[in-house]
Amino acid sequence: MGNLAPVYVFATLDTKLEEANFLAEAMRGEGVPAVLIDVGTLNPPMAEPGIDRKTVASFHPDGVDAVLGLNDRGAAVTAMSRALRSFMVDAYRAGRCSGAIGLGGTGGTAMIATAMRGLPIGFPKLMVSTVASGDTSSYIGTSDITMMFSVVDVAGLNRVSRQIYRNAAAAIAGMARLEARDNDSQRAVGMTMFGVTTPCVTAVRETLEKDGLDILVFHATGVGGRAMEELAGSNMLDGVIDVTTTEVADEVVGGVFACGPARFDVMLERRMPYVLSLGALDMVNFGPVDSVPEKFRNRKLHVHNSSVTLMRTNVEENIAFAQWIARKLNAHPESGFTLLIPEGGVSELDKPGNPFHDVEADQALFTEIEKAVIQGPNRKIVRYPHHINDPAFAAALVAEFNNITR
C-alpha cells in the first residue's frame, strides 16, 4: 500500500483530539496512512494537526477571516463547512487523499457531511456520528456518504467507542483500497423508472446491456432523479435515457416526490447524450390516502399501497408540466436531446380500461410540449403511436439513443 495517498481524518481538534488520534492510529494499523485535519472554529486545538484549520479556512472564497474571525459558532461552522468543501474537492482532484472520514456530533456532522457532498460518487467517505441512527437525509443528500452510528457520544474513549472507531477505520481502509484499484471502463447510462413504467425500462435495459453498456436505473422518487443527476455531474454517466419524468408532476402540483428546481440541468449543461420521455406524468404522488390535501379529495385517486396514493393529473396540470419542461430545455439552446412521445399512454395506469386513462389530458401534454419546446437539427420531438410499455416504444428509445451516440 506504499502508493496509496493518505485518508484524511476530519474533526474539531479542540474537543475531539483523543478520538481522532485513536481513529487515525487504527487506520495506520490497517496499513493505510492517515492525516489529521482540524476543522475547529473557536478554541485552539489541543495538539498540532497534520493540516491546520487556517489552511482549510483559506479555501473559503472570502479568505481565512470569513471563517476564523467570527464569534458566532453557528456562522463559523457554516463558513468552515463551505471552506472544507473546497478543500476536499481540491485534495481529491490533486490526488492528495484516498478517502475522507469524519467524527462529530450534530454540529460536526452538519459541517463535515455537508462538505463531503462535494466529493464525487464512489470516492470513499464515512462519517462517524451521534445522529446516524435517525433521519440522515439532510446530511447525506444524494451523496453516497456512509454513516456509522457512534452509539455513545464522541466524548472520550471507552469499550464501546474504541470498537466503533476500529470498525470505522477498517471500513474506510477497505474502501480506500478498493477505490484505488477500480478501473471500470464500461460506458454507463442512467435511466429513470417507476413501477408503472417498469416494462419499458426493463426492455431498454436488457437490450443495452447486451450491447455492453452499464445501465444504472433510478427510482423516480425525487431523490432518485437527483441521485442520477449527481452521478452525471460527477462524470460517472456517459448518457441518460430519462424515461420517467414524473417528478415534474409532483414539483408543479405539490406531491411528495418533487424533483426540485434543478431537474434536467446537469444533462443539458454537460451536453451529454440525452433521450427523454413523459413517463408517469399522469400522476401525482401523495402518502397514505388520508394525507391527500383536502383540495384534492374529490379528484380521481388510486391507492397504490398503504403508503402511496396517486392522483390523476388533469388537462391544466399537464399543460403546466409541458411548460415547465420546455423552460428547462429552452434554457440550454446549444444542448441536444430527443424527446419521445408515447401517444398510447404514459403509464401502466394510463392504458385503455385502466383507472388513469385520459386521452384529453394526455393530448394536452403532448400538444403543449411540441408547441413550447424550441426544436432544431439536434433538438427534436418524435411521436410514436405506442403505449410507453409497448415493446415497440422501448425499441424506439434504444434506436434514438443509439442514433445520438454513434
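Student: Leaving out residues up to four places away in sequence, which residues does Asp38 touch?
Tutor: The model is predicted, and in it local features need pLDDT of at least 70, side-chain atom pairs count only at pLDDT 80 or more, and totals for chains, interfaces and linings use all residues. Residues are numbered from 1 along each chain as its sequence is written, and side-chain values use heavy atoms, with hydrogens and water left out. With contact taken as heavy atoms within 4.5 Å, and residues up to four places away in sequence not counted, Asp38 touches Ala11, Thr12, Leu13, Asp14, Pro45, Pro49, Ile51, Asp52, Arg53 and Val56.

Student: Is Asp38 buried or exposed?
Tutor: Asp38 is found in strand β2, residues 34–38, where strands (E, at least two residues) and helices (H or I, at least four) are DSSP runs numbered from the N terminus. Buried means under 20% relative accessible area, exposed means over 50%, and partly exposed lies in between, using a 1.4 Å probe and protein chains only. Because its relative accessible area is 1%, Asp38 counts as buried.

Student: With which side chain does the side chain of Asp38 make a polar contact?
Tutor: A polar contact is a pair of N or O atoms within 3.5 Å; within protein, one must be able to donate a hydrogen and the other to accept it, and residues adjacent in sequence count only if both atoms are side-chain atoms. The side chain of Asp38 reaches a backbone atom, the nitrogen of Gly40, at 3.0 Å. For a side-chain partner, at 2.6 Å, the residue is Arg53.

Student: How far from Arg379 is the nearest side chain of opposite charge?
Tutor: Lys and Arg count as positive and Asp and Glu as negative, while His and the chain ends are not counted. A salt bridge is a side-chain nitrogen of Lys or Arg within 4 Å of a carboxyl oxygen of Asp or Glu. Arg379 is buried yet has no salt bridge, and the nearest side chain of opposite charge, that of Glu334, is away by 8.1 Å.

Student: Which residue has its backbone oxygen 2.8 Å from a polar atom of the side chain of Arg379?
Tutor: Arg379 lies in strand β14, residues 379–384. Beyond its neighbours within four places in sequence, Arg379 is in contact with Leu329, Asn330, His332, Pro333, Ser335, Gly336, Phe337 and Ile374. The backbone oxygen at 2.8 Å from a polar atom of its side chain belongs to Ser335.

Student: How many residues apart in sequence are the parts that Asp265 and Lys328 tie together?
Tutor: The side chains of Asp265 and Lys328 meet in a salt bridge at 3.1 Å, N to O. Asp265 is buried at 17% relative accessible area, and Lys328 is buried at 13%. Asp265 lies in helix α11 (residues 265–269) and Lys328 in helix α12 (residues 315–330), so the separation in sequence between the parts they tie together is 63 residues.

Student: How many salt bridges does a search of the whole structure find?
Tutor: Among the pairs is Lys351 with Glu348, whose closest N and O atoms are 3.1 Å apart. Glu229, Asp242, Glu247 and Arg263 are linked in a network of salt bridges. The search of the whole structure gives a total of 18.

Student: Which element gives the most to the lining of the second largest pocket?
Tutor: On a 1 Å grid over the protein atoms alone, with a 1.4 Å probe, a pocket is an open set of points with protein on both sides within 12 Å along at least five of seven lines, and lining residues have an atom within 4 Å of a point. The second largest pocket holds about 240 Å³ of space, and of the 17 residues that line it, the closest to its centre are Thr12, Asp14, Thr15, Lys16 and Arg73. The elements giving two or more residues to this lining are α4 (73–94), β3 (99–104) and α5 (106–116). With three residues, the element that gives the most is α5.

Conventions:
Grid points are joined across faces, edges and corners, and a volume is the space filled by probe spheres set on the points.
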